[in-house]
Amino acid sequence: MTIDTKNLLKSILANISDISYVKPEDIPNIDLYMDQVTTFMDSHLQSSKRYEDDKVLTKTMINNYAKNNLLPPPVKKKYSKEHVLVMIFIYYFKNILSIKDIETLLSPVTGHHFGNEDGMDLTAIYTEVMNLEHSRIDSVVKDIVKSFNGAGESFKDAPEEEQDYLQLFAFICSLSFDVYVKKLLMQKLIDEFGDADGKNEKKKR
């Protein structure tokens with residue numbers, strides 16, 4: 001592939017290596033009105049936006065999340081720190097999973113741990129998950145480089161003037177396949193997750 005493509009890849013990998021997440025201590029400990037929530041999310045997740053004018057979160061999105069049971073309702077039109085943590089999870093899930101899948105995945109978590117003062121709360125869960133994800137950055141980078149190098153060896157028999165875009169196409173297809181397989185796995189696991197939680201709820205009754 002071309003030098004420009006290699007430099008682009010290096011830039012992307014550097015950004016992945018420097019990836020960070022919203023730390024619980026960055027979230028105000030006071031309850032926030034909706035405008036304050038959208039401002040906070042937009043400023044702290046702006047590095048993940050594709051285009052400058054993209055919105056991380058809007059009032060309509062928040063209302064829809066509440067209507068679809070993804071987000072516990074606000075108290076007197078104010079959102080707690082735990083509300084913000086749930087919204088961050090939704091933000092990362094929504095580009096991959098359906099609203100129904102997100103509801104299935106989050107319902108037992110929010111149902112058992114939202115506002116829980118006696119056991120593991122949402123802050124502890126969020127911190128554990130984000131630490132786990134952060135620990136995987138090196139392996140993710142290696143997988144991407146492996147896919148890139150593999151695509152660079154493809155289409156050797158194609159005309160020279162066509163190799164660059166065909167190899168780039170192959171690289172994107174390789175990344176897409178990874179996403180496709182992982183999405184299928186996630187959907188299967190969520191189906192099992194939902195069934196297991198449903199059985200647990202029946203036992204409680």
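These are my notebook entries on one predicted chain.

**Ground rules**

I am working from a predicted model, where local features need pLDDT of at least 70, side-chain atom pairs count only at pLDDT 80 or more, and totals for chains, interfaces and linings use all residues. I number residues from 1 along each chain as its sequence is written, and side-chain values use heavy atoms, with hydrogens and water left out.

**Overall layout**

I looked up the secondary structure first. The chain has eight helices and two strands. I take helices (H or I, at least four residues) and strands (E, at least two) as DSSP runs, numbered from the N terminus. The order from the N terminus is α-β-α-α-β-α-α-α-α-α. The C-alpha trace spans about 65 × 40 × 30 Å along its principal axes.

I then checked burial. Buried means under 20% relative accessible area, exposed means over 50%, and partly exposed lies in between (1.4 Å probe, protein chains only). Of the 205 residues, 32% count as buried. The chain exposes about 13700 Å², and carbon and sulfur atoms supply 54% of that area. Areas come from the Shrake-Rupley method with a 1.4 Å probe; for residues, only the protein chains shown count as cover.

Contacts came next, with heavy atoms within 4.5 Å as the rule. Among contacts between residues at least 6 apart in sequence, 67% join residues at least 24 apart.

**Helix α4**

I wanted to know how enclosed α4 is. Of its 13 residues, 12 are buried, so α4 is largely enclosed by the rest of the structure. The buried set includes Lys81, Glu82 and His83, along with Phe89 and Tyr91. The buried residues pack against α2 (34–44), α3 (59–67), β2 (78–79), α5 and α6 (122–134).

I also checked the length of α4 (residues 81–93). At 1.5 Å a residue it should span 18 Å, and its end C-alpha atoms are 19 Å apart, which agrees. The expected span is 1.5 Å times one less than the number of residues.

**Pro28**

Pro28 sits in the loop between α1 (3–17) and β1 (32–33). It is partly exposed, at 27% relative accessibility. Beyond its neighbours within four places in sequence, Pro28 contacts Phe40 and Lys81. I also took its distance to Ile62: they are 34 residues apart in sequence and 18 Å apart in space, C-alpha to C-alpha.

**Salt bridges**

My rule is a side-chain nitrogen of Lys or Arg within 4 Å of a carboxyl oxygen of Asp or Glu. The count comes to three.

Asp35 and Lys59 form one of them, at 3.0 Å, N to O. Asp35 lies in helix α2 and Lys59 in helix α3, so the pair ties together parts that are 24 residues apart in sequence. Asp35 is partly exposed at 45% relative accessibility. Lys59 is partly exposed as well, at 42%.

Asp42 and Lys49 form another, at 3.6 Å, N to O. Asp42 is partly exposed at 24%, whereas Lys49 is buried at 18%.

Lys100 pairs with Glu103, with the closest N and O atoms 3.9 Å apart. They are three residues apart in helix α5, separated by about one helical turn. Lys100 is exposed at 55%, but Glu103 is buried at 19%.

**Surface patch**

Phe177, Tyr180, Val181 and Leu184 make a nonpolar surface patch of about 390 Å². Patch residues have over 30% relative accessible area and no salt bridge; like charges are joined within 9 Å, nonpolar side chains (Val, Leu, Ile, Met, Phe, Trp, Tyr) within 5 Å. Tyr180 lies in helix α8 (residues 160–204).

Most residues other than glycine have a negative phi. I noted Asn69, with a positive phi of about 65° although it is not a glycine. Asn69 is in the loop between α3 and β2. Lys77 also has a positive phi of about 65° without being a glycine. Lys77 lies in the loop between α3 and β2, and it is exposed at 68% relative accessible area.
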